[in-house]
Amino acid sequence: MKLYKIYERDHNEIGDAMLETILKTLFLYFFIVLLYRIMGKKEVGQLGIMDLIVWVLIAELAALSLEEPKNSLWLSVVPIVTLFCIQIVLSFISIKSTKVRRFMDGRPTVIIKNGKLMFREMSKLRYSLDDLISQLREQGIKSIDEVNFAVLENNGKLSVFETGNDYPMPLILDGVIDYYVLKEIRKSETWLMNLLKKRNIPLDDVFYAFYTRQKTFIIKKSDL
C-alpha cells in the first residue's frame with residue numbers, strides 16, 4: 001500500500017511537470033511568434049548577422065525555462081523581451097544612420113566586376129571559388145564567363161547580372177551618398193553634386209539615385 005502511494009505521488013508529479021512544460025511551450029511559442037510579427041517580416045534567408053544572433057539567443061533563452069520544470073517562465077521572458085527591445089532600438093537607429101546600418105549589416109561586396117573575379121575581395125570575405133561556382137550553378141549559370149557582375153549580399157546570397165545586363169550602381173540612398181560606389185565608377189562627389197544642382201534637386205530630396213549605362217537615374221522623395 002505504501003509503495004502504491006509512492007508510485008501514485010511520483011506519477012502525479014510527473015503528470016503535473018509534463019502539463020506545466022506543455023503550457024510553457026505553448027506560451028513561449030505564441031509569445032515568440034508575436035515578437036517575430038512585431039520585429040518585421042523576414043525570411044530566414046534574408047536575416048542579417050545581427051538578426052540571426054538575436055533569434056539564436058531567443059531560442060536558447062526559451063529553452064531555459066523548459067529544461068527544468070522548476071525554473072520560472074520569467075527566466076526566459078525577461079531576457080527575451082530585453083533582446084527584443086535592443087533589436088527594435090538598433091533597427092530604428094540603423095534606419096536613420098547609414099554608419100550604424102553598415103556596422104550592423106555590413107555592405108554588399110562585388111565578387112565579379114566586368115567579367116573579372118575580384119580575388120582580393122573574396123579573400124577578405126574568406127569566400128572560395130568553390131562557393132562562387134556552387135552559387136552560380138544554383139542560378140543556372142554554367143560558367144563565370146556568362147557573368148558581368150556578381151554581388152555577395154549581406155545575407156550571403158549572390159546577386160548575379162549576366163553579360164549584356166548592366167548593374168545599377170546605387171549612388172544615393174535616402175539622401176546619403178555612397179562614396180564606395182562613386183569610387184567604383186570613378187566619379188567624384190563634386191560631379192554628383194553638380195549633377196543634382198543641374199537638375200535642381202537637393203540632396204535630402206533624393207530617395208534613390210543609381211548609375212547604369214553611363215546614365216544617372218534619380219527618384220525624388222517629393223515624387224513618391
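A residue counts as exposed when its relative accessible area is over 50%. In the predicted model described here, arginine 126 has a relative accessibility of 72% and therefore counts as exposed. Arginine 126 is located in the loop that joins helix H5 (119-124) to helix H6 (129-138). Its phi angle is near 55°, a positive value in a residue other than glycine. A positive phi is also found at arginine 186, where the angle is near 60° and the residue is again not glycine. Arginine 186 belongs to the loop between H7 and H8. With a relative accessibility of 78%, arginine 186 counts as exposed.

The secondary structure of the chain consists of eight helices and eight strands. Of its 224 residues, 29% count as buried. When contacts between residues at least 6 apart in sequence are considered, 45% of them join residues at least 24 apart. The mean pLDDT of the chain is 78, and 85% of the residues reach a score of at least 70. Among the elements of the chain, the lowest mean pLDDT, 70, belongs to helix H1 (residues 2-39), and the highest, 89, to helix H8 (residues 189-198). Over residues 2-9 the pLDDT stays under 50. For this stretch, residues 2-9, the model has zero contacts beyond four places in sequence.

Helix H2 (residues 49-67) packs with helix H3 (residues 74-96) at an angle of about 165°, and the two axes are 8 Å apart. Angles over 145 degrees count as roughly antiparallel, and H2 and H3 are therefore roughly antiparallel to each other. Their crossing is left-handed. On the H2 side, the contact is formed by Asp51, Val54, Leu57, Ile58, Leu61, Ala62, Leu64 and Ser65. These residues meet Leu75, Ser76, Pro79, Ile80, Leu83 and Gln87 in H3. By class, the residues of this contact comprise ten nonpolar, three polar and one charged.

Glutamine 87, a residue of helix H3, takes part in the contact with H2. Its relative accessibility is 5%, so glutamine 87 counts as buried. Apart from residues up to four places away in sequence, glutamine 87 touches Met39, Asp51 and Val54. Serine 97 is placed in the loop between H3 and helix H4 (98-105). This serine has a relative accessibility of 22% and therefore counts as partly exposed. Serine 97 and valine 176 are 79 residues apart along the chain, and their C-alpha atoms are separated by 9.3 Å.

Two further loop residues were examined. Aspartate 178 is found in the loop between strand S6 (176-177) and helix H7 (179-184). At a relative accessibility of 13%, aspartate 178 counts as buried. When neighbours within four places in sequence are set aside, aspartate 178 is in contact with Arg102, Arg107, Pro170 and Leu171. Asparagine 114 occupies the loop between strand S1 (109-113) and strand S2 (116-117). Excluding residues up to four places away in sequence, asparagine 114 touches Asn148 and Phe149. Asparagine 114 is 49 residues from threonine 163 in sequence, with a C-alpha to C-alpha distance of 8.4 Å.

Key
Residues numbered from 1 in each chain as written. Predicted model: local features only at pLDDT ≥ 70, side-chain atom pairs only at ≥ 80, totals over all residues. Heavy atoms only, no water. Axes fitted to C-alpha atoms, helices over the stretch in contact; angles between N-to-C directions. Helix = DSSP H or I, 4+ residues; strand = E, 2+ residues; numbered from the N terminus. Parallel < 35°, antiparallel > 145°, perpendicular 65-115°, else oblique. Left-handed = near helix turned anticlockwise from the far one by under 90°. Contact = heavy atoms within 4.5 Å. Nonpolar A, V, L, I, M, F, W, Y, C, P; charged D, E, K, R; others polar. Buried < 20%, exposed > 50% of the residue type's maximum accessible area, 1.4 Å probe, protein only. pLDDT = per-residue confidence, 0-100.
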